[in-house]
Amino acid sequence: MVTFRKLLIPTVLGMVFSALFVITDGIFVGKGIGSDALAAVNITAPLFMIAAGIGLMFGVGASVVASIHLSQGKRKVASINITQAIAFSALLILILSALCLYFIEPLARLLGSSDRLLPLAVEYMAWYIPFLVFYEVLNIGMFCIRLDGSPTYAMMCNAVAAILNIILDYIFIFEFGWGIMGAAFATSLGTVVGGLMTLIYLLHFSRTLHLCRIKLSIKSLLLTLRNIGYMIKLGSSAFISEASIACMMFLGNYVFIRHLGEDGVAAFSIACYFFPIIFMVYNAIAQSAQPIISYNFGAGQPERVRKTLHLAIRTALICGISFFILTVLCCQDIVSLFIDRSYAAFDIAVNGLPYFGVGFIFFAVNMIGIGYYQSVERGQRATIITLLRGVVFMLIGFFALPPVLGIPGIWLAVPLAELLTTFYIFGIYLKDRFIVCRR
């Protein structure tokens with residue numbers, strides 16, 4: 001479909017630039033500071049994935065509700081929805097950031113940091129957590145700007161932030177010698193610029209959706225809370241999707257450090273740095289299909305919904321197979337981007353990445369399936385799928401495979417979770433089609 005392709009290209013590019021936030025940190029931290037710093041950043045990563053999940057939850061929820069209202073000609077209501085999402089999520093993330101900073105050292109230990117990695121993990125968090133509110137605004141703003149019909153500007157917000165991050169990473173780490181603090185501060189400044197760009201657009205340049213003043217009367221606040229609750233319900237699976245990646249990192253860090261020590265965590269961190277590009281591309285495909293599916297679902301056009309879903313799955317599968325082949329053929333080149341051969345983590349990562357890459361194919365189908373159920377207001381089903389994928393099946397993989405397969409079993413835990421999830425999605429989709437056909 002023309003609309004899908006028009007949204008897909010800038011959305012994919014924007015997501016890739018967003019992934020550069022994470023990957024650039026990994027490259028500069030590994031090359032400029034060392035494998036221990038790489039491991040320390042990966043220890044803290046689940047915290048930031050949770051923050052990203054909150055942004056995606058409100059972004060998905062608000063965009064689904066707003067797009068359905070737009071299909072019904074209710075522009076003002078749609079604008080109120082996105083304003084409520086941005087304001088409430090910003091307040092929530094500010095409160096959580098304050099709590100994290102107050103308990104920063106116990107939090108680092110809870111995330112799995114060893115005594116050796118603790119100072120580096122604490123320093124990284126101290127220079128990144130205070131700026132998470134801008135990251136939140138940037139995440140939600142992407143959905144709103146694309147829904148407003150400006151996917152290219154949404155891409156530019158991520159691009160400018162990522163390019164600034166790359167430049168500042170080099171300056172702060174290699175020129176100023178600020179170490180891990182420099183990496184965190186560079187990323188923070190990039191998110192500040194990206195977040196401000198989204199706010200400026202929604203305040204002054206948007207075509208349909210505008211930020212508006214929230215009324216503070218008791219009745220208005222109660223209506224706001226009701227709307228926020230509905231958005232959370234619709235977008236909760238997006239949060240759980242990010243939380244599942246955080247769970248993958250959290251469990252992986254614990255398992256790797258148990259079997260291979262800090263070098264194992266550093267090796268696993270390279271897979272985790274590479275993973276965001278895969279996730280962002282699949283997420284971009286799902287987000288490109290989402291407004292089309294939501295709009296046609298709200299307008300009562302099931303055939304267009306079906307065609308868009310099938311197109312999204314085909315696109316994601318092509319990407320998934322390509323990513324797997326790239327991982328197998330270029331695993332040494334990928335690892336060498338982050339660390340030198342002199343580190344023990346290098347060989348661990350080179351041997352493990354091909355196993356890990358098997359999951360990219362199944363992950364493609366899973367992301368589209370979750371996005372589809374979000375778009376047709378079946379948030380509960382999307383949430384169940386995401387919980388199975390990110391928690392239940394992941395726990396099975398990490399605790400069942402290593403005793404049987406050894407070190408390869410640790411790397412194959414994530415692909416097993418993705419495969420089981422794909423089987424589940426196909427099962428419930430075919431069951432739904434069968435019920436519809438019988439009617």
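The questions and answers below go through helices, salt bridges and single residues of this predicted model.

User: Is Ala186 buried or exposed, and in which helix is the place of this residue?
Analyst: The cut-off for a buried residue is a relative accessible area under 20%. Ala186 has a relative accessible area of 0%, and therefore counts as buried. The helix that holds Ala186 runs over residues 179-205 and is H8.

User: How many of the 27 residues of H8 are buried, and how far apart are its end C-alpha atoms?
Analyst: Helix H8 is largely enclosed by the rest of the structure, because 19 of its 27 residues are buried. At 1.5 Å a residue the helix should span 39 Å, and this agrees with the distance between its end C-alpha atoms, which is 39 Å.

User: What distance does helix H7 reach from its first C-alpha to its last?
Analyst: Helix H7 covers residues 151-175, which is 25 residues. At 1.5 Å a residue, the expected value is 36 Å, and the helix comes close to that, with a reach of 35 Å.

User: Which residue takes a positive phi just after H7?
Analyst: The place to look is just after the helix, where a phi of about 65 degrees is found. The residue with this positive phi is Gly177.

User: Where is Gly149, and between which helices?
Analyst: Gly149 has a relative accessible area of 34%, so this residue is partly exposed. The place of Gly149 is in the loop between helix H6 (132-147) and H7.

User: What is the relative accessibility of Ala162?
Analyst: Ala162 is found in helix H7. From Tyr343, 181 residues apart in sequence, Ala162 is 28 Å apart in space, C-alpha to C-alpha. Ala162 counts as buried because its relative accessibility is 0%.

User: Which residue forms a salt bridge with Lys31?
Analyst: A search of the whole structure finds five salt bridges, and one of them joins the side chain of Lys31 to a partner at 2.9 Å, N to O. This pair links distant parts of the chain, 309 residues apart, with Lys31 in helix H1 (residues 2-32) and the partner in the loop between helix H11 (331-338) and helix H12 (344-357). Lys31 counts as partly exposed, at 37% relative accessibility. The partner likewise counts as partly exposed at 37%, and it is Asp340.

User: Are Arg389 and Glu418 buried or exposed?
Analyst: Arg389 forms a salt bridge with Glu418, and the closest N and O atoms are 2.9 Å apart. The pair links helix H14 (residues 379-405), where Arg389 lies, with helix H15 (residues 407-438), where Glu418 lies, the two being 29 residues apart. Both residues of this pair are buried.

User: At what angle do helix H9 and H12 pack, and how many nonpolar residues does their contact have?
Analyst: The axes of helix H9 (residues 218-298) and H12 are 10 Å apart, at an angle of about 65 degrees, and the crossing is right-handed. Among the residues that meet are Ala267, Ile270 and Phe275 in H9, and Ile348, Leu353 and Phe356 in H12. By class, the contact has one polar residue and one charged residue, and its nonpolar residues number 13.

User: How far apart in space are Gly352 and Gly409, C-alpha to C-alpha?
Analyst: Gly352 lies in helix H12 and counts as buried, because its relative accessibility is 0%. In sequence, Gly352 and Gly409 are 57 residues apart, whereas in space their C-alpha atoms are separated by 9.6 Å.

Conventions. Residues numbered from 1 in each chain as written. Predicted model: local features only at pLDDT ≥ 70, side-chain atom pairs only at ≥ 80, totals over all residues. Heavy atoms only, no water. Helix = DSSP H or I, 4+ residues; strand = E, 2+ residues; numbered from the N terminus. Buried < 20%, exposed > 50% of the residue type's maximum accessible area, 1.4 Å probe, protein only. Salt bridge = Lys/Arg side-chain N within 4 Å of Asp/Glu carboxyl O. Axes fitted to C-alpha atoms, helices over the stretch in contact; angles between N-to-C directions. Left-handed = near helix turned anticlockwise from the far one by under 90°. Contact = heavy atoms within 4.5 Å. Nonpolar A, V, L, I, M, F, W, Y, C, P; charged D, E, K, R; others polar. Expected span 1.5 Å × (residues − 1).
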